[in-house]
Amino acid sequence: MSEELAPGPKESPPAPPRGPREVWKKGGRLLSVLLAVNVLLLACTLISGGAFNKVAVYDTDVFALLTAMMLLAVLWILFYLLRSARCPDAVPYLDAHAGPIWLRGGLVLFGICTLVMDVFKTGYYSSFFECQSAIKILHPLIQAVFVIVQTYFLWVSAKDCIHVHLDLTRCGLMFTLTTNLAIWMAAVVDESVHQAHSYSSAHGNASHTRLSSDPERTGSTAGGDPCPCDTAICQIFQQGYFYLYPFNIEYSLFASTMLYVMWKNVGRLLTSSHGHGHAPPRVSLFRETFFAGPVLGLILFVVGLAVFIIYEVQVSGEGSRTQEALVSYYSFNIVCLGLMTLVSLSGSVIYRFDRRAMDQHKNPTRTLDVGLLMGAALGQYAISYYSIVAVVVGTPRDLLGGLNLAHALLMIAQHTFQNVFIIESLHRGPPGEEPRETPNKEPCQGLTFANLDALHALPACPSTPRLASPLEGPPEAVAIISTPRGHWRRRCLKDISLFLLLCNVILWIMPAFGARPHFSNRVEVDFYGYSLWAAIVNICLPFGIFYRMHAVSSLLEVYVLS
């Protein structure tokens, strides 16, 4: 009897083949990381050393190192593309979730701005080429080639899971990532040095930095500048390429993110459902909403554009006009951040009434999204805490200081509660298509099970639930409760997602296109000193800009899955 009832052994699907090359996977990753760390430390040493007059490292040394790194990275990228084209089996899988269109589109946008910056920089150094080192003219030209080749490479290969020359590919990707980080650091230091030099010149102080100028000129004690930029076209080139530095910084961050994903996918084995993904759901904006979120978001977006334009016009003035511009800028941001904080909190409260089970399965794409949200938010956290200390400890305490303090506190709260809302939404949203129902059984009302383990976490149901075959649903699917399309929770969540999306767009536009109240407001500058405060802002603010763009993408996904 026991032999008749004993179930036979279940046949498990065959595991993907693991060849000898996968035995050294962790070692290959460790080798590439060690290479990246050593190259990055060398670049950081030269870049930081070249920023100070007391260190005998010239900017030509920095440009020579960056040029050599970019040439090596370009050669490796060309080798990768040729190898992939000639070997059909080099890329057996494609990660459908890697390299989303918003990331590639942002890379192309910032890459175009970087190319314009390289044109301006070449024109600037060519204005007095007779007294310049050749490497200063060669560096922007090589950077333009590097940007073009790398942008094409990331556009066509961002989803690759390569399976040939694994260790070489990991080292090449890490070296290219390190090159982007070195370019990012050089741009941050150069922009900070330029701002400190301009501030010191305006206040009649001697500059202690030199990376943005020529060592021959800064080291000259004889009267006069042997290479003056006194023509109109030279000054246009100089101001133009310094204005475009933020776009170059963002390009480096975008490229580094995509290269890291490619590095993680080297040698990765995917099932067919992972490799090809599921058909994306149709996105219908403003449908199944109460219209309150989109309308309020559009109002704040338009008002934010007007405030930004007024700020840019008035901040170039003096005295009361700059004060008025800062008051209007901080007031709008306080209102916007306050509403975003309340709306994010309300979204988290709505999820307390949601009976859907949390998806605890491993999902590399979602893990990366969460990591980017948390990591990029650290930049704005740092700026806010520096501002809080400067306002609380420093003097005087006036209206502008109070607005600055409120803005910093709300910035921290908004980032925190928005991250909580987005992360919880990504874990609750259905990861793919809902499993198909099978006939001959009555399902538990409103329930469709794609994961057999989910049955143990739910109370007993009067009707027999419908169990979907593991082959019909996505491999990482969980129990999904099919909420009616007109349910109030679904409508509220869609309104919240659209409102936060529009607010993040305007909060991205302001700093991305030049709004810098951190320098117009004298509280932090007087407390920390211009050089230190410029370095803090120029290092941390690009992460804040990247956070806004990534939040927009995540909120659009939340809207689709709600």
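Predicted model: local features only at pLDDT ≥ 70, side-chain atom pairs only at ≥ 80, totals over all residues.
Colleague: What should I know before I start?

Modeller: Local features need pLDDT of at least 70 and side-chain atom pairs 80 or more, while totals for chains, interfaces and linings use all residues. Residues are numbered from 1 along each chain, and side-chain values use heavy atoms, without hydrogens and water.

Colleague: How many residues does the largest nonpolar core have?

Modeller: In soluble globular proteins, nonpolar side chains tend to be buried together. A nonpolar core joins buried Ala, Val, Leu, Ile, Met, Phe, Trp, Tyr and Cys residues through side-chain atoms within 4.5 Å; buried means under 20% relative accessible area with a 1.4 Å probe, protein chains only. Here the largest has 131 residues, and Phe 153 is among those with the most contacts inside it.

Colleague: Which residues does Phe 153 touch?

Modeller: Contact means heavy atoms within 4.5 Å. Beyond its neighbours within four places in sequence, Phe 153's partners include Trp 76, Tyr 80, Leu 173 and Met 262.

Colleague: Where do helices H8 and H9 meet?

Modeller: Helices are DSSP runs (H or I, at least four residues), numbered from the N terminus. Axes are lines fitted to C-alpha atoms over the stretch in contact, with angles from 0 to 180 degrees between N-to-C directions. The H8 and H9 axes come within 4 Å and cross at roughly 35°. Tyr 241, Phe 242 and Tyr 243 of H8 meet Tyr 245, Pro 246 and Phe 247 of H9. These six residues are nonpolar, a class that counts Ala, Val, Leu, Ile, Met, Phe, Trp, Tyr, Cys and Pro.

How values were computed. Buried < 20%, exposed > 50% of the residue type's maximum accessible area, 1.4 Å probe, protein only. Helix = DSSP H or I, 4+ residues; strand = E, 2+ residues; numbered from the N terminus.
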